[in-house]
Every structure is written in C-alpha cells, then in structure tokens.
Amino acid sequence: MESGAKKADLTELSRVRERVTFLYLEHAKINRQDSAIVVIDTRGTVAIPAALISVLMLGPGVDVTHRAMELMGDAGMSVVWVGERGVRQYAHGRALTHSSALLVAQAKLVSNNRLRVGVARQMYQMRFPDDDVSTLSMQELRGKEGARVRRIYREESRRTGVEWTHREYDPENYQSGSIINQALTAAHAALYGLSYSVIVALGASPGLGFVHTGHDLSFVYDFADLYKAEVTIPIAFTIAANATEQDDIGQLTRLAVRDAFVDGKLMIRMVADLKMLLGDVDDDLDADVVNLWDDKLGLQKFGVSYRESTEDGQS
C-alpha cells in the first residue's frame, strides 16, 4: 500500500493527553495507508489513525512493514516490542516531542543528591498526602511505602475474597504464578506501557530514575508506582476474584486496565504530574528547534556558519 499523505508537522499531531492510551497487537500484519496503520489478522482488516495512538505494543507474531514504521515515527507514536501478553519489553521507538527541555531538567535533578532526594520525597508525598515526609530519609521512605503496599494488598484481599500471600513473578514463566499474581503482572505491564509512553512522549528519559536506578526503565518504575494502588492493584484483584482457570488472565486484565484508561483522565494526570516532578519546565515541548551550546555566550543558533579568523590570523 502506497502512501500519499505528507509527513505531519508536530503542531498538527495530537498531544499525548488527547490520544488513546495503548493498543496491544499480536499475530497480525501491519501496513499503512495514507495516515493510518492497517492491521490485518484472521478476523479481518482495520485502519487506525496513527496520530491517535499513544503507544503501540507489538506482541509475538506481528509482521510490520517499513512504511508502517515510518508513519508511526512521523506521527510520534511510541512503539514497544513486547513478549506474549505484553509482560516483557524488548525494544522501543522514538518519542513524540523533539524538545530536550524535560530531559535536561531530569538529568540535572537526578545528578545532584539533594535535588534527587527532593524529587523522591515529592513522589512519596503524592502517596501520603496527609503525612509530612519532608524530613524522612530514603530508607524511612522505602519502609513507609512497603508498609502501605502490604496494607493495600491485605485490604484488596478482604474486599474481593482473593487469597493473598505474597507477590511473585517469574519473567521466564508467566503461567507459573497464581491467578492473582498473573493478573498483577499483566496489569502492571499495561501501566508500565502507559507510563513509558507519557515519559518518552514528553522527552524525558525512562532510565533516569529517582528511587529505582541502574535499569533502562528505572523512571518508568518510579512513575508507575504512583498509580498502582489506585488503578492496577484493585483491577487485578477484581479480575482474579471473577476468573476461572480456563480464562486468559492476561487478556482479561489488559481489557479491564484499558477500560480504566479509556477516558484519558489518568493520562492527563500523568502529564501534569511528570511536569510537576521535573520542575514545571516552561519550554514549548512541541518546538522542533536545535541550538548550539556555548559555555560563555549561551545558546547559539544552529545552521549558521561561525567560521571566522582567530586572533593570530588563522582560520
């Protein structure tokens, strides 16, 4: 299928908060037609406007054309190659914004111990709105958070009647976990996908974490932890309470999480939360501008010939 559509300008694309949160595909062929990706599987063919999808999760058995990937990149769609049921991530594509403003702010914050602890405390404060955590150490914050999560698991167990012992997840054998652990894994994976999409769409780094560290998704784990108690943990326990051993737990959970995401309110919150955590950067994140850095003169225009004679007359 040939494309007759021109590449869209950044100003013409949907903002991240206006997009569908995520779409998971497996065992399908993906092509493009004009400004839509065309998905073909055993059930038929459907065209999806590329600029309306925030993150596309490509599971096993997906064949995608070069032209389709070109469209996804032009439209600012985050593409993540994942394992079966979306529970593992293997690779990802480029983000929506071309601005590095949030990335520079994030790098500054994570590189200074005092500033880093400040952001970490902000993230914990969001989970404890009625407590003052401004003087707690990282160790104390981790302990407080651990107690909160254990309490939430106990409360959800009582609410749903689902037996709960502990969290277990074998990335090499998803099916080995209990039904509730399978549901939690699938729900968290979907939340990680959405968190990743918001982070990279705004130009921040998924790897520069403030609580988690050392992994290329450290900040994704930081960010997703802000919403698990409200979103994915209750959904997982509800699914586990109503599922049978014959049900596809991963699929049921993904659909439930997708339904929880569908009104876009969580994504809008995520965008606002991310900007708040990284300092409310004022730069236009839709800008497509490249400058040259100078230690004395500040930012200089890109694309200008700066060749001029040196003091000794050499050029």
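Q: Does H27 count as buried or exposed, and what is its relative accessibility?
A: This is a predicted model. A residue counts as exposed when its relative accessible area is over 50%. H27 has 54% relative accessibility, so H27 counts as exposed.

Q: Where does H27 lie, and what is its phi?
A: H27 belongs to the loop between strand 1 (20–25) and strand 2. The phi of H27 is positive, about 50°, although H27 is not a glycine.

Q: How are strand 2 and strand 3 joined?
A: Strands of a sheet pair through backbone hydrogen bonds, and the pairing is either parallel or antiparallel. Here, strand 2 (residues 28–33) and strand 3 (residues 36–41) run antiparallel and are joined by 5 bridges. As one example, I30 has V39 in strand 3 as its bridge partner.

Q: What is the strand order of the open sheet of 4 strands?
A: The order is 4-3-2-6, and the pairing is mixed. Strand 4 (44–49) and strand 6 (62–64) stand at the edges; each has a single partner strand, so one side of each is left without a neighbour in the sheet. On average, neighbouring strands of this sheet are turned by 25° against each other, direction ignored.

Q: Which strands does helix 1 lie across?
A: Helix 1 (residues 66–75) lies across strand 2, strand 3 and strand 6. The helix runs at about 65° to strand 2.

Q: In which sense do strand 5 and strand 7 pair?
A: Strand 5 (residues 53–58) pairs with strand 7 in the parallel sense, over 4 bridges. The bridge partner of L58 in strand 7 is W81.

Q: How many residues of strand 7 are buried?
A: A residue is buried when its relative accessible area is under 20%. In strand 7 (residues 78–82), 4 of the 5 residues are buried, and the strand is mostly covered.

Q: At what angle do helix 5 and helix 8 pack?
A: Helix 5 (residues 179–201) and helix 8 (residues 249–261) pack at about 45°, and their axes are 9 Å apart. The two helices are therefore oblique to each other. Helix 5 passes helix 8 in a right-handed crossing.

Q: Which residues make the contact of helix 5 with helix 8?
A: Helix 5 contributes I179, Q182, A183, A186, A187, A190, L191 and L194. Helix 8 contributes I249, G250, T253, V257 and F261. By type, the residues of this contact divide into 10 nonpolar, 3 polar and no charged.

Methods
Residues numbered from 1 in each chain as written. Predicted model: local features only at pLDDT ≥ 70, side-chain atom pairs only at ≥ 80, totals over all residues. Heavy atoms only, no water. Pairing = 2+ DSSP bridges. Axes fitted to C-alpha atoms, helices over the stretch in contact; angles between N-to-C directions. Contact = heavy atoms within 4.5 Å. Parallel < 35°, antiparallel > 145°, perpendicular 65-115°, else oblique. Left-handed = near helix turned anticlockwise from the far one by under 90°. Nonpolar A, V, L, I, M, F, W, Y, C, P; charged D, E, K, R; others polar. Buried < 20%, exposed > 50% of the residue type's maximum accessible area, 1.4 Å probe, protein only.
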